[in-house]
Amino acid sequence: MPTGTTRIRLRPANNSRISFWGQIAIGLFWLAYVLFGILSNTGAQDFHFLHWVFLVFTVIYLGYVLVNNAPIFGTQSYLEFTPGYIVHKNGLFRPKQVFAAENIAALELKPAVLRVRQKDGEIYALNLREVKGKRRKMSFREQVRDFAAKHNVPLQEVSPTAAA
């Protein structure tokens with residue numbers, strides 16, 4: 001039974017300076033270094049407790065990298081079309097952006113961005129390069145058209161062929 005909401009999964013915004021695998025490699029290197037320090041007897045009399053502190057921070061760092069980049073707890077980055085709202089969630093540690101239909105003045109659908117113009121003058125740009133797959137992109141464009149038609153929101157659409 002359809003719920004009336006449609007969620008489009010986004011790939012994580014790959015805007016970090018170090019790739020996911022680079023961050024994992026750094027974390028594993030730190031983990032190996034700390035475990036070597038704990039298992040060896042060098043410095044055991046002075047600041048051996050710092051190895052344990054560093055181990056805790058290393059595990060926290062690895063957990064953060066995994067949770068932020070991999071869908072461990074479900075889909076964390078998505079666009080959702082509910083009956084009266086457009087919801088944009090850009091990751092686990094970022095707040096949701098909720099756009100109510102009655103507050104939207106216009107929508108601009110371009111090949112790489114969806115601009116949401118609010119009635120109060122604010123403009124929000126949602127990066128569509130994060131939408132995975134050809135079918136999802138087509139489905140997303142159709143949902144934007146349906147949302148605009150349902151709520152009488154002006155939609156300015158630039159086709160991908162005209163933008164080239």
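Is W30 buried, partly exposed or exposed? With a relative accessibility of 31%, W30 counts as partly exposed, because the partly exposed class lies between the 20% limit for buried and the 50% limit for exposed. The structure is a predicted model.

**Aromatic pairs**

- The count of aromatic pairs comes to five.
- One of them joins W30 and F54 in a tilted arrangement, with 6.3 Å from centre to centre and 50° between the planes.
- This pair links distant parts of the chain, since W30 belongs to helix α1 (residues 20–39) and F54 to helix α2 (residues 49–69), 24 residues apart.

**The four-stranded sheet**

- Four strands, in the order β7-β6-β5-β8, make up an open sheet with mixed pairing.
- The edges are held by β7 (123–127) and β8 (155–157); each has a single partner strand, so one side of each lacks a neighbour in the sheet.
- From one strand to the next, the twist averages 15°.
- β5 (residues 104–109) pairs with β8 in the parallel sense, over three bridges.
- Within these strands, E108 stands opposite Q156 of β8.
- Helix α3 (residues 134–150) packs on the sheet and touches β5, β6 (113–118) and β8. The direction of α3 makes about 155° with that of β5.

**The largest nonpolar core**

- The largest nonpolar core has 19 residues, of which I104, L107, L114 and F140 touch the most other members.
- At least two residues of this core come from each of β2, β5, β6 and α3.
- Helix α3 gives the most to this core, with four residues.
- Apart from its neighbours within four places in sequence, L114 is in contact with several residues, including L107, E108, Y124, L126, F140 and V144.

Note on methods
Residues numbered from 1 in each chain as written. Predicted model: local features only at pLDDT ≥ 70, side-chain atom pairs only at ≥ 80, totals over all residues. Heavy atoms only, no water. Pairing = 2+ DSSP bridges. Axes fitted to C-alpha atoms, helices over the stretch in contact; angles between N-to-C directions. Contact = heavy atoms within 4.5 Å. Phe/Tyr/Trp six-rings, centres within 6.5 Å; stacked < 30°, edge-to-face > 60°. Buried < 20%, exposed > 50% of the residue type's maximum accessible area, 1.4 Å probe, protein only. Core = buried A, V, L, I, M, F, W, Y, C linked by side-chain atoms within 4.5 Å.
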